[in-house]
Amino acid sequence: MVAARQRFLQAGHYQPVAEAISRYIVAWAEKQPLDAESFSCLDAGCGEGYYLRQLVSRVPVDLALIGLDISKWAVMAAARQDNKHSPFSRWVVGSNAHLPVQQAALDGVLCMFGFPVYREFARVLKSGGVLLQVEAGPQHLRELREVIYPQLKPERSAALEAPEGFAYLGEETLSYPIKLEGQETIADLLAMTPHLYRASAEGRARAAALDQLALTVDVRLIQWERS
Ligand SMILES: C[S@@+](CC[C@H](N)C(=O)[O-])C[C@H]1O[C@@H](n2cnc3c(N)ncnc32)[C@H](O)[C@@H]1O
């Protein structure tokens, strides 16, 4: 799964998501006091580190970064690719449920397609710190889901309730088309989603038979402020 995600992300299919995240970090860092040394940020469930690497190459501010994931394989893949990037990066095997970070230590937390534990995110963020949550929108990869499932589930409600310790700052929807060519690329996408386990053998076989697939990427970027 780690290797599949690495190949898929490196092909640039989610680059607009990485660009959006970098924009948020720059905007947050600009609001910091002038004497702040750097912008400290944890990627909770960082996978193989694609978004933090993109951040370092795009953001013209001093960053102190921690990538954390429960998968040892993901963290090893992230650390291996980091040699020429930020000297401040730390790659940690751990759980969002027990972050190895002191309380009120961080300016930002990213949780992208991950498993948020708001109580922990609230504990490690400074007052006024920001949580950026990226999650699949209702149209995300709809065309793939139409292939693998006999029927699509009804769309989820867009209503959001602020988790305890956070105030809602706003959100953005990012939606764009991509086209995947080749069975390997389509298999990589399927392998990096929960659909690999949820789909039936017949559904997976229908996806495996495709040579190309036009898809919608539809993600929500939700900002919460530590109150
Ligand atoms: C769908 S992947 C997203 C990875 C990465 N954020 C990205 O978008 O490329 C979800 C990640 O969350 C990690 N994960 C699952 N449970 C976790 C937990 N309790 N704490 C930290 N990471 C977790 C998985 O190992 C996986 O790498």
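User: Where does Arg145 sit?
Analyst: Arg145 is in helix 6, residues 142–148. Helices here are DSSP runs of H or I with at least four residues, strands are E runs of at least two, and both are numbered from the N terminus. This is a predicted model, where local features need pLDDT of at least 70, side-chain atom pairs count only at pLDDT 80 or more, and totals for chains, interfaces and linings use all residues. Residues are numbered from 1 along each chain as its sequence is written, and side-chain values use heavy atoms, leaving out hydrogens and water.

User: Okay, and which residues is Arg145 in contact with?
Analyst: Leaving aside neighbours within four places in sequence, Arg145 is in contact (heavy atoms within 4.5 Å) with Pro138, Gln139, His140, Leu152 and His195. A polar atom of the Arg145 side chain lies 3.0 Å from the backbone oxygen of His140.

User: Switching topic: where's Ala97?
Analyst: Ala97 is in the loop between strand 3 (90–93) and strand 4 (106–112).

User: Is Ala97 partly exposed or buried?
Analyst: Ala97 counts as partly exposed because its relative accessibility is 22%. Buried means under 20% relative accessible area, exposed means over 50%, and partly exposed is in between, using a 1.4 Å probe and protein chains only.

User: What does Ala97 touch?
Analyst: Not counting residues up to four places away in sequence, Ala97 touches Val117, Arg119 and Glu120.

User: And the whole chain, how many helices and strands?
Analyst: The protein chain has nine helices and seven strands. Buried residues make up 48% of its 227 residues, and its C-alpha trace spans about 55 × 40 × 30 Å along the principal axes.

How values were computed: Polar contact = N/O pair within 3.5 Å; in protein donor to acceptor, adjacent residues only side chain to side chain.
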